[in-house]
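Please read the numbered points alongside the display.

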Amino acid sequence: MGPDLAGVTTRREEDWLKRQIKDPEGLIEENDPIAMQLLQESDNIPMVSLGLGDEEVAAVIAYLKSIEQQTDVVVGLPSQYVPTVLIGIVVLIILTLVGLRVGKKKVDVR
Ligand code: HEM
């Protein structure tokens, strides 16, 4: 029924999202500019109030955010590789230090 929610947590302020999910009719009554534009785009079909409590609204927003984070990970370094990469960097630093120490030439100046 409603608009695609993909990316909605980055597209909207959190306080606005809370209100839209908890009390969408209240936003329309207040002539909120975003709500009015959405109402126009949905051919005047308003979102009904879902009757969720504050905790449930927070859980829905946390869920929506968690989906956004999953798409971020695909773009960057997959999180399961991060420990391997960090350990690799530390091992390289240690090997370099050991190599520098062991490979030091002693030169006698007479
Ligand atoms: C847990 C359930 C739901 C959540 C979390 C949710 C969330 C949202 C959000 C965040 C928006 C704003 C989208 C944006 O800013 O682009 C929106 C708009 C909208 N939603 Fe929902 N929604 C839910 C259920 C529903 C249901 C059951 C309906 C209809 C049967 C509905 C109909 C609409 C419509 C028509 C809009 C456009 C705004 C308007 O015309 O007033 N939604 N919804």
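1. Met 1 is found in the segment before helix H1 (8-11); helices here are DSSP runs of H or I with at least four residues, strands are runs of E with at least two, and both are numbered from the N terminus. Met 1 is exposed, with 6 other C-beta atoms within 10 Å. A residue is called buried if 20 or more other C-beta atoms lie within 10 Å of its own, exposed if 12 or fewer, and partly exposed in between, the C-beta atoms being placed from the backbone. Met 1 and Pro 46 are 45 residues apart in sequence, yet their C-alpha atoms are 9.8 Å apart in space.

2. Residues are numbered from 1 along each chain as its sequence is written. The model is predicted: local features need pLDDT of at least 70 and side-chain atom pairs count only at pLDDT 80 or more, while totals for chains, interfaces and linings use all residues.

3. Which residues come nearest to the ligand? Of the 20 residues around the ligand, these are Met 1, Gly 2, Leu 38, Ser 42 and Met 47, where a residue is near a molecule or strand if its C-beta atom, placed from the backbone, lies within 6 Å of it. Helix H2 (14-22) and helix H4 (33-41) are the elements that give two or more residues to this shell. By class, the shell has 16 nonpolar, three polar and one charged residues; Ala, Val, Leu, Ile, Met, Phe, Trp, Tyr, Cys and Pro count as nonpolar, Asp, Glu, Lys and Arg as charged, and the others, Gly among them, as polar.

4. The protein chain has six helices and zero strands. Its radius of gyration is 27 Å, well over the 13 Å that the globule rule gives for 110 residues, so the chain is more spread out than a compact globule. That radius is taken over C-alpha atoms, and the rule is 2.2 Å times the number of residues to the power 0.38. Along the principal axes, the C-alpha atoms fill a box of roughly 95 × 25 × 20 Å. Buried residues make up 4% of the 110 residues.

5. Leu 27, found in helix H3, is buried, with 21 other C-beta atoms within 10 Å. Leaving aside residues up to four places away in sequence, Leu 27 touches Arg 19, Gln 20, Asp 32 and Ala 35; contact requires C-beta atoms, placed from the backbone, to lie within 7 Å. From Leu 27 to Lys 104, 77 residues apart in sequence, the C-alpha distance is 73 Å.

6. Asn 31, in the loop between helix H3 (24-29) and H4, has a phi near 60°, a positive value in a residue other than glycine. Asp 43, in the loop between H4 and helix H5 (54-75), has a positive phi as well, near 55°. Most residues other than glycine have a negative phi. Asn 31 is exposed, with 8 other C-beta atoms within 10 Å, and Asp 43 is exposed with 6.

Notes: Contact = placed C-beta atoms within 7 Å.
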